[in-house]
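This briefing is intended to be read alongside the sequence and the three-dimensional structure. Topics are grouped by region.

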Amino acid sequence: MTGRPHRCEVCGVRPPAMVGVPFCFQCWPGGPVTPPPCRKCGSTQDYYMSGLCARCHTHAPGERSPVWRQPGPLVQPRVVVDACPDCHAWGVTRTYGWLCSACRSWRETHPQVGDCRTCGQHVALNAQGSCRLCRKTRSLLAYRLGCRPAAISLAEANRHGQQLFLAGLWHRTGHGRRPYARTTIPPDMALLRPVTYAQLVLWELPRDLKTGLHKGFPPPPDPARMAAWHAFVREFADTHGWGINVTEQVHRAFRMLLGMQNTPGAAIRASEVLPLSGIRHPVRPVLDVLAAAGMLADDRVPAVVRWFDTQIALLPEPMRRELAVWFDVARHGSPTPPRFTPRDDRTVRAQLSFAMPALRTWAHAHDSLREIGRDDVRAVLPASGSPRSTTLQGLRSIFRILKARKLTFINPTARISVPTPDKPAPPAIDLTALREALDSEDATRAALAALLAFHAIRIHQLCTMHLTDVHDGRLYIDDRVIPLAIPVRLRLTAYLNYRQRHWPGTANQHLFIHYRNATTTSPVTPWWIRKRLGMSAQSIRQDRILDEAHASGGDVRLICDLFGLSIAGAYRYTATVDHPGIAEYARTSMPT
């Protein structure tokens with residue numbers, strides 16, 4: 001029935017019962033007669049005509065049709081509204097077959113129908129066997145928790161029920177992708193300056209961030225400062241080539257941190273940022289942004305300090321105090337007489353490691369290092385070799401500073417000479433593993449192996465090498481210019497193409513980068529180089545120098561110029577090669 005329905009000839013109000021019948025069921029001769037159930041949905045209520053109810057009939061009241069714009073409606077007009085059968089969203093009409101627009105699109109892109117593996121509904125499913133309602137419930141929970149939807153399983157997200165909503169209004173409840181940022185407040189970068197006051201607290205209690213994800217974090221008290229931070233983070237992300245996921249997570253982290261501050265506008269402590277890793281939020285990018293803005297109060301304890309406290313924990317109290325003085329002077333130096341140049345943390349750690357066996361031995365019989373004499377030092381020194389030399393080196397570093405600070409009466413290590421042991425020849429490397437690294441499909445691994453195997457580049461130079469150090473087929477390192485071999489050029493070209501494809505917008509100017517430091521400006525570490533090669537990078541370098549020493553007949557000048565070594569450094573390799581004159585004399589003087 002495509003035209004306007006006729007009215008009952010008896011009452012003139014209701015439509016006829018069916019096509020070809022001039023009266024309705026209420027005016028049926030001998031009636032009224034109970035209408036049959038709807039032949040489409042089986043409903044026994046709101047019968048309209050032609051065996052269909054008002055919900056299923058095309059021209060029933062509520063449908064947007066010019067038929068019902070005429071005066072004198074057939075029945076009392078009402079808009080029929082129901083819930084979507086797939087996602088149960090309220091507010092759907094007959095326009096799209098009683099489906100919301102989202103589920104209609106979902107059915108078009110996911111024709112497979114079956115039982116959802118999470119909720120059990122018989123609806124359209126995606127390739128993983130999940131329905132749209134389960135996925136949307138997970139997205140809503142991820143938005144509330146401040147994490148990505150992939151971090152939460154479907155079963156966990158729908159364990160306590162599902163969130164119902166109004167049809168077409170899902171985007172207003174948040175979808176877990178793009179955080180809300182106020183755009184009505186212009187950013188004022190002058191607000192990104194630490195305030196000169198601080199709000200003291202009675203108790204410094206730890207923050208329970210996981211509870212904050214479930215219950216919600218307090219909003220930032222100053223919307224203008226929050227807008228300034230949003231603008232600064234966006235600018236920092238653009239200049240450092242951040243992806244959208246990292247940028248959004250950093251925005252969310254700043255909303256949390258500003259809402260939890262005891263003093264709004266104060267510098268944010270690093271100890272407040274570190275717990276963010278427990279709720280899967282980035283820590284290093286947040287620290288980089290704070291440092292760039294000048295709003296970072298770095299109260300982190302260096303790793304070497306924590307290691308030092310662990311090492312001396314079992315020593316006597318006087319000895320711990322004396323070692324603490326040595327540790328402070330060794331790390332920070334002394335500008336007052338007797339002056340002392342600060343040492344690198346790795347050097348300080350190595351010297352204490354060399355001395356710890358002797359210190360633990362003395363701790364059984366002595367409380368202070370003032371009681372240690374020369375005989376005690378000689379008694380704890382190993383018999384010979386490298387351990388004897390390194391132990392004396394560590395003890396000498398400690399007693400020299402303690403004597404200068406007048407914490408010991410004498411330096412018991414003075415005038416104790418230990419000959420420096422000869423360094424052994426570098427061991428041979430696995431050539432099969434090296435060839436595999438050179439021919440690897442991994443462009444980064446092949447480039448690293450080529451620079452080490454052909455030119456014996458130092459490890460720290462590989463870490464700090466910049467893109468501008470390689471041009472015109474040459475490598476510029478410090479005051480050296482190294483013409484690159486053809487195989488090295490080919491592998492570096494392949495790596496640079498790989499680097500450009502994966503991180504085209506990175507601000508890191510170092511030659512070698514990876515996915516973690518591509519969003520920063522820091523170099524790679526020696527540990528990363530060793531892990532990427534699958535073998536020791538230092539052993540490859542040493543084997544290359546040793547091979548050149550044998551090929552040149554022990555030419556010290558050539559080794560120094562080619563690899564940038566000192567005379568003493570080159571002698572370690574040339575000492576393994578017999579001088580040609582000595583070898584010839586030994587060959588001719590041997591009895592036949």
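Which residues of α13 are buried? In this predicted model, the buried residues of α13 are Ser389, Thr390, Thr391, Leu392, Gly394, Leu395, Ser397, Ile398, Phe399, Ile401 and Leu402. The points below continue with this helix and then turn to other parts of the chain.

- The 20 residues of helix α13 (residues 385–404) should span 28 Å at 1.5 Å a residue, and the end C-alpha atoms are 29 Å apart, which agrees.
- The cover over the buried residues of α13 includes α10 (317–332), α11 and α12 (374–380).
- Phi of lysine 406 is near 60°, a positive value in a residue other than glycine.
- Lysine 406 counts as exposed because its relative accessibility is 72%.

**Packing of α9 and α11**

- Helix α9 (residues 303–311) and helix α11 (residues 345–363) have axes that come within 11 Å and cross at roughly 5°, so α9 is roughly parallel to α11.
- From α9, Val304, Trp307, Phe308 and Gln311 take part in the contact; they meet Asp345, Arg349, Leu352, Ser353, Met356 and Arg360 in α11.
- Sorted by class, this contact of α9 with α11 has five nonpolar, two polar and three charged residues.

**Nonpolar cores**

- In soluble globular proteins, nonpolar side chains tend to be buried together.
- The largest nonpolar core holds 37 residues, of which Leu451, Leu462, Phe512, Ile529 and Leu533 touch the most other members.
- Two or more residues of this core come from each of α14 (431–438), α15 (443–455), α16 (459–464), β10 (474–477), α17 (486–502), α18 (526–533) and α19 (537–551).
- The greatest contribution to this core is that of α15, with eight residues.
- Not counting residues up to four places away in sequence, leucine 451 touches Ala456, Ile457, Leu462, Met465, Leu475, Leu484, Val488, Leu492 and Phe512.
- Another core, of 35 residues, lies apart from this one and has Trp229, Phe254, Leu276 and Leu287 among its members.

**Valine 524 in the loop between α17 and α18**

- Valine 524 is placed in the loop between α17 and α18, and it is buried because its relative accessible area is 4%.
- Leaving aside neighbours within four places in sequence, valine 524 is in contact with Cys463, Phe512, Ile513, His514, Asn517 and Ile529.
- Valine 524 and threonine 464 are 60 residues apart along the chain, and their C-alpha atoms are separated by 7.6 Å.

**Glutamine 461 and aspartate 478**

- Glutamine 461, in helix α16, counts as buried because its relative accessibility is 6%.
- Neighbours within four places in sequence aside, glutamine 461 is in contact with Ile477 and Asp478.
- Aspartate 478 is found in the loop between β10 and β11 (480–483) and counts as exposed, at 71% relative accessibility.
- The phi of aspartate 478 is positive, at about 55°, although this residue is not a glycine.

**A cis peptide bond**

- The peptide bond from proline 337 to proline 338 is cis, with omega near -10°.
- Proline 338 has its place in the loop between α10 and α11.

Note on methods:
Residues are numbered from 1 along each chain as its sequence is written. This is a predicted model: local features need pLDDT of at least 70, side-chain atom pairs count only at pLDDT 80 or more; totals for chains, interfaces and linings use all residues. Side-chain values use heavy atoms; hydrogens and water are left out. Axes are lines fitted to C-alpha atoms, for helices over the stretch in contact, and angles run from 0 to 180 degrees between N-to-C directions. Helices (H or I, at least four residues) and strands (E, at least two) are DSSP runs, numbered from the N terminus. Angles under 35 degrees count as roughly parallel, over 145 as roughly antiparallel, 65 to 115 as roughly perpendicular and the rest as oblique. Contact means heavy atoms within 4.5 Å. Ala, Val, Leu, Ile, Met, Phe, Trp, Tyr, Cys and Pro count as nonpolar, Asp, Glu, Lys and Arg as charged, and the others, Gly among them, as polar. A nonpolar core is a set of buried Ala, Val, Leu, Ile, Met, Phe, Trp, Tyr and Cys residues joined through side-chain atoms within 4.5 Å. Buried means under 20% relative accessible area, exposed over 50%, partly exposed in between (1.4 Å probe, protein chains only). The expected span of a helix is 1.5 Å times one less than its number of residues.
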